[in-house]
Amino acid sequence: MRPITITTGQYGDLPLEEVCRRMSAIGYEGLELACNTHLDVHRYVAEASYRCEITETLNRYGLKVWALGAHLAGQCVGDVWDPRLDNFAPARCQGKPEEIRAWAIDEMKTTARAAQLMGVKIVTCFMGSPIWAWWYSFPQTTQQMIEEGYGKIKSLWEPIFDVFDECGVKFALEVHPTEIAFDYYSTAKLLDVFERRPTLGLNFDPSHLQWQGMNPCLFLRDFSDRIYHVHMKDVKVRLDGRSGILGSHIEFGDLRRGWNFVSLGHGDVDFEGIIRELNAMNYEGPLSVEWEDSGMERMFGAKEAYEFTRKMNFEPSSVAFDAALKRD
């Protein structure tokens, strides 16, 4: 049975001890630890006492770690700087694009080393994109500009992936708007640009596919060999004649939006279909709840999401339903 975990980023204001206590009480088997929120990767690599502290805290509550989440640093590697990136970087780097990028590259390499020391095989992450602002081709965007953008991402991330390989750790990109791979075809192109390097795989999150109009089950089927980690996250799309799919610069949770992330089971994602696809591809990794619902109290949501995932987490059958009717 696949373990049920929860990513800790949405609980970043709580100390790790409190997150462990609450999530263990709900029933979660592990945490997808958010780096620089609940795990200082530099301290983890450098300080044996800090490693013991993290291990003891997790063990006290019977929790395991199958993946580290390093989304914020990863975003800073490939993005074009604007003031929003300052929120992800140390104070000493803020307002200094190349210093932010250098910090982020070092952070990602250190994250791989921390994962190795922890015995964790997957880092979930973003990569950023130097061409996201050009997703709508006006003013006109040339194919050369797109190719150069993918080339930039490759040149930035290949040395990072070399360290991941040295550490025996896989990189799981979350396909997501603002990333170099944000939908089906941009994902296929990214894998081709990296010559299908085994280091680079996917952190499957159906919510970002669903609101864009894709079928998450088909995405799973077509990229089955690259699914290294799975997020359980739901979204509700409600285009009422006023709202648009682009969000209207209205904050998440506002009911005027055309879509909102919601707690598991309250949206449009076909999780039964997703579990059947995961069974078909023999995925045995964690189902990691990424809980995001601005309209629901988060601890209520964490418990409800766990119960939903446990109910949905069925195993494949070992026998055909009509096997007894067959004759040799």
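Contact is defined here as heavy atoms within 4.5 Å, and helices (H or I, at least four residues) and strands (E, at least two) are DSSP runs numbered from the N terminus. The structure is a predicted model, in which local features need pLDDT of at least 70 and side-chain atom pairs count only at pLDDT 80 or more, whereas totals for chains, interfaces and linings use all residues. Residues are numbered from 1 along each chain as its sequence is written, and side-chain values use heavy atoms, with hydrogens and water left out.

Helix H4 (residues 71-78) packs against helix H5 (residues 97-118) at an angle of about 130 degrees, and their axes lie 8 Å apart; axes are lines fitted to C-alpha atoms, for helices over the stretch in contact, and angles run from 0 to 180 degrees between N-to-C directions. H4 is therefore oblique to H5, given that angles under 35 degrees count as roughly parallel, over 145 as roughly antiparallel, 65 to 115 as roughly perpendicular and the rest as oblique. Ala 73, Gly 74, Cys 76, Val 77 and Gly 78 of H4 meet Ile 100, Arg 101, Trp 103, Ala 104, Ile 105, Glu 107 and Met 108 of H5. The contact of H4 with H5 comprises 8 nonpolar, 2 polar and 2 charged residues (Ala, Val, Leu, Ile, Met, Phe, Trp, Tyr, Cys and Pro count as nonpolar, Asp, Glu, Lys and Arg as charged, and the others, Gly among them, as polar).

In helix H1 (residues 16-26), Leu 16, Glu 18, Val 19, Cys 20, Met 23 and Ile 26 are buried (under 20% relative accessible area; exposed is over 50%, partly exposed in between; 1.4 Å probe, protein chains only). The cover over the buried residues of H1 includes strands E1 (4-7) and E2 (30-34) and helices H3 (48-60) and H11 (298-312). H1 and H3 pack at about 20 degrees with their axes 9 Å apart, so H1 is roughly parallel to H3. At this contact, Leu 16, Glu 17 and Cys 20 of H1 meet Ile 54, Thr 57, Leu 58 and Arg 60 of H3, a set that divides into 4 nonpolar, 1 polar and 2 charged residues. Gly 27, which follows H1, has a positive phi near 130 degrees.

A search of the whole structure found 0 disulfides (pairs of cysteine sulfur atoms within 2.5 Å). The sulfur of Cys 35 is too far for a bond, because the closest cysteine sulfur, in Cys 125, is 8.3 Å away. Cys 167 is likewise in no disulfide, the nearest cysteine sulfur, that of Cys 35, being 13 Å away. Cys 35 counts as buried at 11% relative accessibility, and Cys 167 counts as buried at 9%.
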